[in-house]
Amino acid sequence: MMMLRESIRLACALVFTLMLAPVTSAAPLPVCEGGDRAARMLTCIVDGDTGWENGVKWRYDSIDTPEMPGHAECDAEAQMAVQSRDRLRELMGDSYTINWSGDEGSYGRALVTIELADGRYAGEVLISEQLAQPWPNQGNVWCGR
């Protein structure tokens with residue numbers, strides 16, 4: 001009887017410990033690298049508002065994010081661009097649904113919105129965290145313009 005009670009106590013302690021364990025997030029989506037992304041059917045993130053889903057290039061509709069280093073107008077923009085890209089990768093790593101608008105934007109990119117597993121939209125999260133601004137934009141806020 002004592003052994004049964006001890007087993008139950010240990011089992012309860014284990015269940016309680018597992019309930020308190022932090023929930024880990026899925027791995028962030030990868031950064032896009034290399035060419036021929038369509039043929040390779042890549043799913044990856046280019047920057048805070050552009051990515052690839054199963055080989056289809058998309059642009060997030062109605063937001064604008066900082067330009068990546070090499071295209072940024074100032075150092076602050078380049079730094080914010082990496083933060084924006086990495087935050088989008090993180091947000092999408094937990095599961096998402098891409099809502100394809102059926103329209104194309106510049107450079108032949110499909111226009112999309114991204115609904116996250118918790119019901120929020122990635123664009124709204126990036127705007128609330130000051131890692132994006134609404135599109136059309138009011139200038140380059142990251143460089144003070």
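Is Cys 143 buried or exposed? Cys 143 is buried, with a relative accessible area of 18%. Buried here means under 20% relative accessible area, exposed means over 50%, and partly exposed lies in between (1.4 Å probe, protein chains only).

The model is predicted: local features need pLDDT of at least 70, side-chain atom pairs count only at pLDDT 80 or more, and totals for chains, interfaces and linings use all residues. Residues are numbered from 1 along each chain as its sequence is written, and side-chain values use heavy atoms, with hydrogens and water left out.

A disulfide was taken as a pair of cysteine sulfur atoms within 2.5 Å. The search of the whole structure returned two disulfides. Counted along the chain, the bonded cysteines follow the pattern 1-2, 3-4.

Helices (H or I, at least four residues) and strands (E, at least two) are DSSP runs, numbered from the N terminus. Both Cys 32 and Cys 44 are buried.

Cys 74 and Cys 143 form a disulfide too, with their sulfur atoms 2.0 Å apart. At -100° about the S-S bond, this link is left-handed. The two cysteines are 69 residues apart and connect distant parts of the chain. Cys 74 is in the loop between strand 4 (63-64) and helix 2 (75-93). Cys 143 is in the segment after strand 7 (133-134). Cys 74 has a relative accessible area of 22% and is therefore partly exposed.

The loop between helix 1 (2-20) and strand 1 (44-47) also holds Ala 27. Ala 27 is exposed, because its relative accessible area is 58%. In sequence, Ala 27 and Asp 94 are 67 residues apart. In space, their C-alpha atoms are 7.5 Å apart.

Aromatic rings were examined next. Rings of Phe, Tyr and Trp (its six-membered ring) pair if their centres lie within 6.5 Å; planes under 30 degrees apart count as stacked, over 60 as edge-to-face and the rest as tilted. Zero aromatic pairs were found in the whole structure. The charged end of Arg 59, however, sits over the ring of Trp 135, 5.6 Å from its centre. The criterion requires NZ of Lys or CZ of Arg within 6 Å of the ring centre and within 35 degrees of the ring normal.
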